Amino acid sequence: MRRRVLELRNAVLRQFAATLAVPFLVILIGLSGASAQSGSPAPDQGKSAAAQPADAAKDAAQNQRRTDEFAEAAQVINGPAGNPECVWLGRRVVRLMWRDDLDTAFRHLDLYDRFGCPGGHIQAAFRCLTRFGAQIDPKVAETLDSRVHACWINPAAQPQQASATAPAPAAPTTGATQPQPAASPSPAASPSPAPSK
């Protein structure tokens, strides 16, 4: 009886070992293939490795610019709207609202409110941004970003008037200047006798 129990137990253990051996071999083969592929870099990877220092320098410059913008906002804006988290989230909300991505803007606005940032500053910054709408090039993201930052720093900013940049809107000329219409002359004063004293 004992012998049969031992034989049955050995048969079960052999079957169990066989079922584990197949997945183990598959995993072992997969790992050896992955280690063989990670040996020497391909020629294309060498080119991208040369481009990495340039990208790292570009990222460092962009991070420095962001840090400078946060420091500028903290100096100019008194209160919580100048805190870095409020500046980052607030400018993001204004940018998303400008691009008509209102669902994402409202989700960011919830985070903005959670940090205790003032909602009125977003309204004022967006109002400022709408004043500058004609000056924002939709194809160049940097114009929108710089205008959003300028409006965040100074929500009362006004666009320069067209008359300030050009002296006066004159009639279009075609090469030669056209004569201006003469003003009507004022009536000449008639000589009057000097009053007697």
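**Helix α4**
- Helix α4 covers residues 102-114, which makes 13 residues.
- From first C-alpha to last, α4 reaches 18 Å, close to the 18 Å expected at 1.5 Å a residue.
- Four residues of α4 are buried: Thr 104, Ala 105, His 108 and Tyr 112.
- Seen down the axis of α4, these buried residues fall within an arc of 100°, so they line one face of the helix.
- The face turned away from that buried side carries exposed residues, namely Asp 103, Arg 107, Asp 110 and Arg 114.
- After α4 comes Gly 116, which has a positive phi, near 80°.

- A pair of aromatic rings is described by the distance of the centres and the angle of the planes.
- The model has one aromatic pair.
- Its rings belong to Tyr 112 and Trp 152; their centres are 6.3 Å apart and their planes stand at 85°, so the pair is edge-to-face.
- Tyr 112 lies in helix α4 and Trp 152 in helix α6, so the pair ties together parts that are 40 residues apart in sequence.
- Tyr 112 counts as buried because its relative accessibility is 0%.
- Trp 152 also counts as buried, with a relative accessibility of 0%.

**Helix α3**
- The 15 residues of α3 should span 21 Å at 1.5 Å a residue, and the end C-alpha atoms are 21 Å apart, which agrees.
- The buried residues of α3 include Cys 86, Val 87, Leu 89 and Gly 90.
- Two arginines, Arg 91 and Arg 95, are also among the buried residues of α3.
- Asp 100 follows α3 and has a positive phi, near 65°.

**A charge over a ring**
- The charged end of Arg 147 sits over the ring of Phe 132.
- The distance from that charged end to the ring centre is 4.0 Å.

**Where to read with care**
- Over residues 162-169, pLDDT stays under 50, and the model has one contact beyond four places in sequence for them.
- Over residues 181-190, pLDDT again stays under 50, and the model has zero contacts beyond four places in sequence for them.
- Where pLDDT is low, the predicted coordinates should not be read in detail.

Note on methods: Residues are numbered from 1 along each chain as its sequence is written. This is a predicted model: local features need pLDDT of at least 70, side-chain atom pairs count only at pLDDT 80 or more; totals for chains, interfaces and linings use all residues. Side-chain values use heavy atoms; hydrogens and water are left out. The expected span of a helix is 1.5 Å times one less than its number of residues. Buried means under 20% relative accessible area, exposed over 50%, partly exposed in between (1.4 Å probe, protein chains only). The arc is that of the directions from the helix axis to the C-beta atoms. Rings of Phe, Tyr and Trp (its six-membered ring) pair if their centres lie within 6.5 Å; planes under 30 degrees apart count as stacked, over 60 as edge-to-face and the rest as tilted. A charge sits over a ring if NZ of Lys or CZ of Arg is within 6 Å of the ring centre and within 35 degrees of the ring normal. pLDDT is the predictor's confidence in each residue, from 0 to 100. Contact means heavy atoms within 4.5 Å.
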